[in-house]
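User: Can you walk me through this model? Start with the terms, please.

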Amino acid sequence: MKLPRMTFWLLFAFIGAPTQAQEKNPDRNAYFGETHIHTSWSLDAWLFGNHLTDPGDAYKYFKGEPIKHPLGYEVRIDTPLDWAGVTDHSEYVGVIKFANDPKSPVSKLPAAQPLIMKADTPAEVQRVYLYAIKLLSAPKPDKALMSPQIAETVWKENITLANTANEPGKFTAFCSYEWTSMPNNMNLHRNVFFKDCAKVPTMPFSALDSVQPVDLWNWMDTQRKAGNELLAISHNANLSDGRMYPTEVDDKGRAIDAAYAASRMRNEPLIEIKQIKGASETHPLLSPNDEFANFEILPYLLGNPVGRIPHIVGSYARQALKDGLAMQETKGFNPYKFGFGAASDSHNTAVPYRQDNFFGGHASLDGAIEVRMSGRLFAGMDPRSIGPGGLTGVWAEENTRASLFEGMQRKETFAVSGPHIKVRLFGGWEYTASMLADADWVKTGYAKGVPMGGDLPPAKSKAPTFMVWAVKDPTSGNLDRIQVVKGWSKNGQSFEKVFDVVWAGDRKANKWTGVVPSIGSTVDLETAAYTNSIGAVELKTVWTDPEFDPGVHAFYYARALEIPTPRWTTIQAKQLGIAPPDVVAATVQERAWSSPVWYTPSAEALKSAKPGTTVAALKTQGAVALNDAQLKALIVEKSLWLENTVTGDKYQIVYGASGKSPSGKPATPVEPGYVSQRFAANQGEIQFKYVGRKMAMPSLTSDVADATYLGASRPYYLNNGKIVTALVGTPIEITVYKVGSKYWGARSNEFGYANYELTPAVAELNPIR
């Protein structure tokens with residue numbers, strides 16, 4: 001539902017005029033832009049039916065001009081953008097389009113003949129599509145189709161169109177492209193942006209050169225040495241099958257080390273946290289105590305390979321941020337100190353950014369309302385599960401290539417799910433509420449601390465303070481709340497907590513949990529409409545971390561939420577006169593995410609922190625790892641008390657007999673493809689007791705509190721002296737060490753620490769008669 005015109009102009013006056021054509025501002029303006037878009041030059045976009053428009057049309061669309069959707073109808077952006085980069089796939093870029101143009105010399109090449117559509121039929125489209133996939137997955141590229149005469153010509157035209165669209169101070173067009181690595185259907189894609197179009201290479205580095213991210217970064221280093229500044233933005237981590245954020249070895253099997261971390265952060269300062277194919281912030285199984293973690297979740301792998309369940313571990317940004325802290329603490333380097341952006345990945349040239357203006361993202365495959373609402377799958381994906389594109393906001397002095405690029409480099413960026421919500425986060429040690437009330441509070445923010453993307457300066461007080469601010473998009477929903485998401489690491493364990501810090505209305509935070517109740521909803525599902533009678537136009541506060549530990553590595557980022565509004569599927573169900581689909585949420589809470597601010601303990605603070613127990617230290621005391629037989633004797637058909645020595649929490653685990661659950665029933669079969677059936681003899685089920693919501697559970701435990709409450713159990717098995725459980729297919733191993741009469745457990749994801757003391761439970765007499 002749109003705001004009344006008078007309300008819009010009042011908000012316009014309050015927020016300020018559009019940021020285009022402004023003079024250089026030392027306090028920086030928020031500029032919204034697109035970092036991931038495909039035109040007919042991308043091989044897959046053309047196969048989807050995008051034959052009408054090119055990068056020049058994309059820039060017209062972003063500036064507010066109407067263009068043609070691939071199906072022929074006219075589309076126009078809701079709110080024009082400040083900047084963009086067209087990122088057509090570098091692999092065989094433009095080849096299929098020009099192969100099907102009889103006037104192009106490419107159409108005469110023998111190697112191009114299989115790409116030419118002989119007729120406009122589904123069978124012919126399928127034939128060309130399969131051949132194109134064969135091209136992309138071939139061990140060696142087709143030299144004729146990737147010859148400089150083709151690739152260089154297309155790339156030069158891309159640069160020309162970007163330079164033509166570029167209007168410093170009004171609209172910035174970057175030279176950019178997508179490096180499209182997808183080994184074994186895992187999305188490892190990156191969008192590469194150049195600071196200066198005058199210094200770009202003659203041809204971009206593509207996945208046909210290498211599918212390994214480290215090779216892309218090495219090429220980027222070479223470009224940088226030649227005076228060509230550039231950066232990469234990783235995207236769709238949620239579709240990476242757990243390979244976007246490794247913690248042990250990279251895709252070449254090499255150990256993740258300081259050199260890897262430095263190379264990654266030097267070349268890849270930003271990640272894409274949301275786009276048409278889902279959000280990559282976090283997952284409910286990774287963040288069970290985050291009530292807003294279930295936003296636009298898409299469990300999917302490219303091409304929908306048969307029999308594969310996507311791994312969530314290694315696929316989401318918040319967990320990567322936590323792993324990065326743990327690696328910094330234990331190994332001295334952090335490969336995941338990235339900022340946030342969002343984009344679309346539309347293959348239409350045009351992009352739908354709003355729920356009430358959604359026209360799909362894959363040309364003819366979802367461009368018609370009847371097709372996308374039918375639930376008909378393409379490549380195994382239900383069009384109803386995708387959503388509008390996101391955008392990247394950059395705080396920069398002016399709307400130019402240099403200023404925006406430098407803002408991205410320093411990670412002073414934020415992501416929005418579609419609407420132009422503005423958000424700011426400053427971290428320091430001296431902020432007060434009175435400072436935020438001043439007209440020049442932004443100057444104070446920079447002077448006394450750091451903005452999003454930065455590192456907290458040396459401590460000047462007992463706990464850091466944060467200025468957080470958000471203002472709504474005048475054409476979208478009011479704001480519900482701002483939250484601060486905190487992650488921290490101690491003794492190799494990582495944790496997270498979401499704090500509600502400021503909110504609309506007179507709601508009261510729960511006395512015991514601090515959680516603010518739901519704002520409610522004005523959405524009428526029957527009419528697919530809502531009102532802005534709840535929520536706030538602007539929210540801001542100064543927040544101090546109430547649980548700060550100076551000896552612990554931490555990060556903080558802000559998340560601003562809108563009030564509930566109708567999802568596009570609800571709106572278009574109303575248009576078709578059908579019930580809203582129940583396979584997706586009926587409403588959404590659009591949102592914005594700031595890049596994090598990091599805290600690193602001083603050497604003095606680290607010295608005063610209580611040291612943890614490492615496996616290496618236990619071994620110097622004569623510790624011996626238990627083998628399978630010893631583990632069976634210790635745990636099978638036993639109850640053990642487990643004390644987390646980091647948090648001090650204590651709970652009980654019941655291990656069912658091999659092949660049986662704690663209740664005596666047959667154990668749940670292990671998942672094929674992840675756990676070999678040969679372990680069945682050593683397999684049972686475990687059950688947790690005495691775990692509550694207030695207990696700080698470390699990463700990768702799933703929802704233990706809920707499992708405790710329900711009395712649910714999960715499979716485990718013994719393998720080579722390890723107790724193994726799985727989180728959606730990713731094995732989490734515990735090695736048990738015996739030192740004297742004590743037992744210590746070391747989880748495989750806690751970087752060499754043995755943080756758990758295990759004590760067999762003793763049967764007690766039942767006093768009840």
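Analyst: Buried means under 20% relative accessible area, exposed over 50%, and partly exposed in between (1.4 Å probe, protein chains only). This is a predicted model: local features need pLDDT of at least 70, side-chain atom pairs count only at pLDDT 80 or more, and totals for chains, interfaces and linings use all residues. Residues are numbered from 1 along each chain as its sequence is written, and side-chain values use heavy atoms, with hydrogens and water left out.

User: Ser-42, then. Buried or exposed?

Analyst: Ser-42 counts as buried, because its relative accessibility is 0%.

User: Where is Ser-42 placed?

Analyst: Ser-42 sits in the loop between strand 1 (29-34) and helix 2 (43-48). Helices (H or I, at least four residues) and strands (E, at least two) are DSSP runs, numbered from the N terminus.

User: Which residues is Ser-42 in contact with, leaving aside neighbours within four places in sequence?

Analyst: Asp-88 and His-89. Contact means heavy atoms within 4.5 Å.

User: Now the whole protein. How many helices and strands?

Analyst: The protein has 18 helices and 33 strands.

User: And what share of the residues is buried?

Analyst: Of the 769 residues, 59% count as buried.

User: What about contacts between residues at least 6 apart in sequence?

Analyst: Of those contacts, 73% join residues at least 24 apart.

User: What does the C-alpha trace span?

Analyst: About 85 × 65 × 60 Å along the principal axes.
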